[in-house]
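Colleague: I have just opened this one and would like a short tour. Could we begin with the charged side chains and then move on to the sheet?

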Amino acid sequence: MSERIQSIEHHKEVMIVAVANLAMRLHMLVGDEATPITMHLKPDGSKVTSADIELNELFNNYIRERCPEDYIQGEELSAGPEGAFDPERHGLWTVDPIDGTNGFWRDYGNRHFKASNTTIQTSWFAPGERAPTLSLIASPLNELKTTLLATPEGTFYATEHTLPWKQVYAPHGPETLDDVARYDKNFWPGVDERYERIGEFFPYARRINHPLGYAALALGDCDLGMFPGTHPHDIAPNAHIVHQAGGVVKTLAGESYDDVDWRVEPTAGVLVTGNEALADAFLGKLLAQ
């Protein structure tokens, strides 16, 4: 077995166990009535909870023990060995320990997680690689507890009831905007208003609110997904999962997946579809506005 394959297998095992540990800890936190989760606003006005911070710390500590030469870019906390990060020599992890903090905080207040959209998202970039080598998205609180894993061999999924992993392939899907049946979009106040109006591109389609966001395209649960985020921890795992499932991934500026350095911020948002024709039709409509 080559040194590269050994490294990938090691990091894959670390990734799977790290996320499982975070999921277990999250369940303990939401069930601990004696020590309630707290929330405060970050300088940019977005929410962060004590659970976000604790899970980020737990992830960082686990990675530092098992991959001490790697750097970690966390949404709440980053870590790494002393010295500057060298992308040609060092591996890089990105992690969003609770993606969807707004929804998580609402679900926590209601004590209802059956349809939770909270996910744990992480990617690992091997030294010198601009795109993720491994990515994982898990929905630990949702009743299905679906997990998607992207590796150099493809994209795989599992739930609590379907282990071992099963490979998935993004369906070709419709080629015109008029034929889109289901789409996923994410936006927040203040983003470009064009992104908030994409439903007008296919008025008869049903917008879905999928626990796995636009990575749902890999499962065939939507025809098109769009997210205007710019942070690697927000978009790299989803983009990688769809790409490895055979889907089409482009930025909202029209860049192809292989032309993007997914480690670098900002990235111009992301679009995922099942084929180039639909991607080009959507971008043509978006960029013409």
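Modeller: Before any counting, a salt bridge here is a side-chain nitrogen of Lys or Arg within 4 Å of a carboxyl oxygen of Asp or Glu. Please also keep in mind that this is a predicted model.

Colleague: How many salt bridges does the count come to by this rule?

Modeller: By this rule, the count comes to 12 salt bridges.

Colleague: Which residue forms a salt bridge with Lys 42?

Modeller: Lys 42 forms a salt bridge with Glu 75, and their closest N and O atoms are 3.8 Å apart. The pair links distant parts of the chain, 33 residues apart, since Lys 42 lies in the loop between β1 (39-41) and β2 (47-49), while Glu 75 lies in the loop between β3 (71-74) and β4 (92-99).

Colleague: And which residues are linked in a network with Lys 42?

Modeller: Salt bridges link Lys 42, Glu 75 and Glu 76 in a network.

Colleague: What does Asp 192 form a salt bridge with?

Modeller: Asp 192 forms a salt bridge with Arg 194, with the closest N and O atoms 3.0 Å apart.

Colleague: Is Arg 194 buried or exposed?

Modeller: Arg 194 counts as buried because its relative accessible area is 19%, and buried means under 20%. Asp 192, at 31% relative accessibility, counts as partly exposed.

Colleague: Where does Arg 197 come in, and which side chain does Arg 197 meet in a salt bridge?

Modeller: The side chain of Arg 197 meets that of Glu 200 in a salt bridge, at 3.0 Å from N to O. Arg 197 is partly exposed, at 34% relative accessibility.

Colleague: Now the sheet: in what order do the strands run?

Modeller: The sheet is open and has 5 strands in the order β11-β10-β12-β14-β13, with mixed pairing. The edge strands, each pairing on one side only, are β11 (206-207) and β13 (248-250).

Colleague: In what sense do β10 and β12 pair?

Modeller: Strand β10 (residues 182-185) pairs with strand β12 (residues 224-227) in the parallel sense, over 3 bridges. Lys 185 stands opposite Met 226 in β12.

Colleague: Which strands does helix α5 touch?

Modeller: Helix α5 (residues 232-244) packs on the sheet and touches β12, β13 and β14 (270-273), and its direction makes about 150° with that of β13. Helix α6 (residues 276-288) also packs on the sheet, touching β12, β13 and β14, and its direction makes about 30° with that of β13.

Methods: Residues are numbered from 1 along each chain as its sequence is written. This is a predicted model: local features need pLDDT of at least 70, side-chain atom pairs count only at pLDDT 80 or more; totals for chains, interfaces and linings use all residues. Side-chain values use heavy atoms; hydrogens and water are left out. Two strands pair if DSSP finds at least two bridges between them. Helices (H or I, at least four residues) and strands (E, at least two) are DSSP runs, numbered from the N terminus. Contact means heavy atoms within 4.5 Å. Axes are lines fitted to C-alpha atoms, for helices over the stretch in contact, and angles run from 0 to 180 degrees between N-to-C directions. Buried means under 20% relative accessible area, exposed over 50%, partly exposed in between (1.4 Å probe, protein chains only).
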